[in-house]
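The following questions and answers concern how terms are applied to a protein model. Please examine the model before reading on.

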Amino acid sequence: MSPKKKYSGHWYKLEGKEADPALAQVLIIPAPYEGSVSYGHGAARGPLALFDASQLVEHLEPELGNRPCRIGIAGLPELQIQKLKPQAAVAKVEQAVRAVLKKGKKPVLLGGEHSISSGAIKACAEMHPGLTVLHLDAHSDLRNEYHGEPYSHASIMRRVHDMGIKFISVGIRSLCEEEWDLIREKKLEVYFAHQLVGKSGWQEMVVRGLGEKVYVTLDIDVLDPSEMPGTGTPEPGGLRYRELLELFKTLGKSGKEVVAMDLVEVAPIKGQSMSEFTAARILYQMIGWFWAK
Ligand SMILES: [Mn+2]
């Protein structure tokens, strides 16, 4: 399942109306950007690997008991941002997401590295005042800057904090003292992995804290590396696949509206397609629980 095929925009092997950008309710925006990563390269290959893997996903979801793709999932062309500096790349993402929102459709942004999400969140917060962000990640991403770059992947949630947008972080298990101090000083809502993994009932507690309009940013490294090895900065002790899906199911059933989402930091491992297949499967179920119940 190495990326051999060319990107056609036909996610999940959909055809006809279900793959038509004019009719589909969900529009996927591939953003293969890797401008500020610390180490572990390959996030720029994430969207194409996810696309290839999506061709093998069965359309029926047993837990939902239906075909989420019936609402239409169409792919837009890849954003041409690879050569831009982080701030310019983020601005392009913002424009692309705003254009999808204005059509009354659901944007799904695919990274690429996490830095791009701040553009998407900005566009959503403008359109939906009172937006809250559900942030799933191994890292708190609250550094003011990283190697001198304020639009770094390691600073994305700090930029969201600066915009005055409320967020809840889930699954965190790696952060520096600057981030630790900020969390305590500002009383930020951060759930560490050791507080959640293997425990029950936390999904409802997290969802209760969110507002009525929600943006979901999923850094795939929130999962345990045993189930998601293909990511740039894996951290041990992460959430399990089933625990993460339970969170999305709980959010989907809560009546709160997910206005957009992203999935970032998938970095395919050559010769081992498990990571991108798992991510494609998660993405399909998120679409199902949020928008196609
Ligand atoms: Mn991360």
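Two strands pair if DSSP finds at least two bridges between them. Helices (H or I, at least four residues) and strands (E, at least two) are DSSP runs, numbered from the N terminus. The model is predicted: local features need pLDDT of at least 70, side-chain atom pairs count only at pLDDT 80 or more, and totals for chains, interfaces and linings use all residues. Residues are numbered from 1 along each chain as its sequence is written.

Q: What makes β2 and β6 edge strands?
A: The open sheet has eight strands in the order β2-β1-β3-β8-β7-β4-β5-β6, with parallel pairing. Strands β2 (73-75) and β6 (189-192) each pair on one side only.

Q: How do you know that β4 and β7 pair?
A: Strand β4 (residues 132-136) and strand β7 (residues 213-219) share five bridges in the parallel sense, and the criterion is at least two. H135 stands opposite T217 in β7.

Q: Why are α1 and α9 called roughly perpendicular?
A: Helix α1 (residues 46-54) and helix α9 (residues 274-291) pack at an angle of about 75°, with their axes 8 Å apart. Angles under 35 degrees count as roughly parallel, over 145 as roughly antiparallel, 65 to 115 as roughly perpendicular and the rest as oblique; α1 and α9 are therefore roughly perpendicular to each other.

Q: Which residues of α1 meet α9?
A: A49, L50, A53 and S54 in α1 meet E276, F277, A279 and A280 in α9, where contact requires C-beta atoms, placed from the backbone, within 7 Å.

Key
Axes fitted to C-alpha atoms, helices over the stretch in contact; angles between N-to-C directions. Contact = placed C-beta atoms within 7 Å.
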